[in-house]
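User: I would like to learn how to read strand pairing and ring contacts in a model. Please take me through them one feature at a time.

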Amino acid sequence: MARPPDIARHQAAKAGVSLNRALSKLGLCSRKQAELLIAEGRVRVGGKVVRDPSLRVDLGRDRIAVDGEQIVGEAKVYLMINKPRGQVTTRDDPQDRGTVYNCLVELELPFVSPVGRLDKASEGLLLMTNDTRWANRLLDPASHVAKTYHVQIGTAPDEAMLARFRDGAILDGELLTASSIELLRSGGRTAWLEIVLDEGRNRQIRRLLGVFDIEVLRLVRVAIGGLQLGELAKGKARHLTSEELAVLAR
């Protein structure tokens, strides 16, 4: 039995993705940049200028063009970056600070986005891709993908202090914990800890240690799941191998 016209139109409206998201998924630009292109009348769908970024489109059927050129999906790209301290995890920064996209200048790439974030003062392993489904799987809290950090702190903790760290702390009504916290080495007035998280709360490690008045001197992400940062030079990026993608898939 055919669906009534009003139901069919309603289901068609719900299908697909918004136009600004479609331009991002096709690897052209960020959603924010897509909204500007759409507002300027530079985007056509099916030959007609569209100025509504929320318009639902079907990437498999609709012809989308920008400045008269049809946009087709780019090949999927999966990268790792060794993020330097001081860079922000964004493409455009209103304060004109260095961004992680500075690490990509030597590579010919479609538009890619960070998978999660590292704050400005943090460094180490950061993934980037134009595969939003892959990124969302890694970021889904239900996946419990472990992230391993090496953290230099401004004290030499004893076992009692480490035990308090492992117990976690409540800050502003939020329980902050880690999957594991181990002492790597200590000397003088500083020490290095290995801290593993399986959830991605904002500045989780800094906030947890801050409850105990512990200063974080350096924070370096060294692994995501079974993927290791390895010997990649600071400020450099490279493509993930098929073996590394398989490790992340596990």
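This is a predicted model: local features need pLDDT of at least 70, side-chain atom pairs count only at pLDDT 80 or more; totals for chains, interfaces and linings use all residues.

User: How many bridges join strand 8 to strand 9, and do the two run parallel or antiparallel?

Analyst: In general, strands of a sheet pair through backbone hydrogen bonds, in a parallel or an antiparallel way. Here three bridges join strand 8 (residues 113-115) to strand 9, and the two run antiparallel. Within that pairing, Ser113 has Thr129 of strand 9 as its bridge partner.

User: How many bridges join strand 7 to strand 9?

Analyst: Six bridges link strand 7 (residues 78-83) with strand 9, and the strands run antiparallel. Tyr78 has Thr129 in strand 9 as its bridge partner. Thr129 is also the bridge partner of Ser113.

User: Does strand 15 run parallel or antiparallel to strand 9?

Analyst: Parallel: two bridges join strand 9 to strand 15 (residues 216-224). In this pairing Glu123 stands opposite Val220 of strand 15.

User: Which strands form the open sheet, and in what order?

Analyst: Four strands form it, in the order 3-2-5-6, with antiparallel pairing. Strand 3 (48-49) and strand 6 (69-70) are at the edges with a single partner strand each, so one side of each has no neighbour in the sheet. Strand 2 (residues 43-45) is joined to strand 3 by two bridges, and Arg44 stands opposite Val49 in strand 3.

User: Now the rings. How many aromatic pairs does the structure hold?

Analyst: A pair of aromatic rings is described by the distance of the centres and the angle of the planes. The structure holds two such pairs. In one of them, the ring centres of Tyr78 and Trp134 are 4.8 Å apart and the planes are at 70°, so this pair is edge-to-face. Tyr78 belongs to strand 7 and Trp134 to helix 4 (residues 132-139), so the pair ties together parts 56 residues apart in sequence.

User: Are Tyr78 and Trp134 buried or exposed?

Analyst: Both Tyr78 and Trp134 are buried.

User: Which residue lies over the face of Tyr101?

Analyst: Arg91 does, at 4.8 Å from the ring centre of Tyr101.

Conventions:
Residues are numbered from 1 along each chain as its sequence is written. Side-chain values use heavy atoms; hydrogens and water are left out. Two strands pair if DSSP finds at least two bridges between them. Rings of Phe, Tyr and Trp (its six-membered ring) pair if their centres lie within 6.5 Å; planes under 30 degrees apart count as stacked, over 60 as edge-to-face and the rest as tilted. Buried means under 20% relative accessible area, exposed over 50%, partly exposed in between (1.4 Å probe, protein chains only). A charge sits over a ring if NZ of Lys or CZ of Arg is within 6 Å of the ring centre and within 35 degrees of the ring normal.
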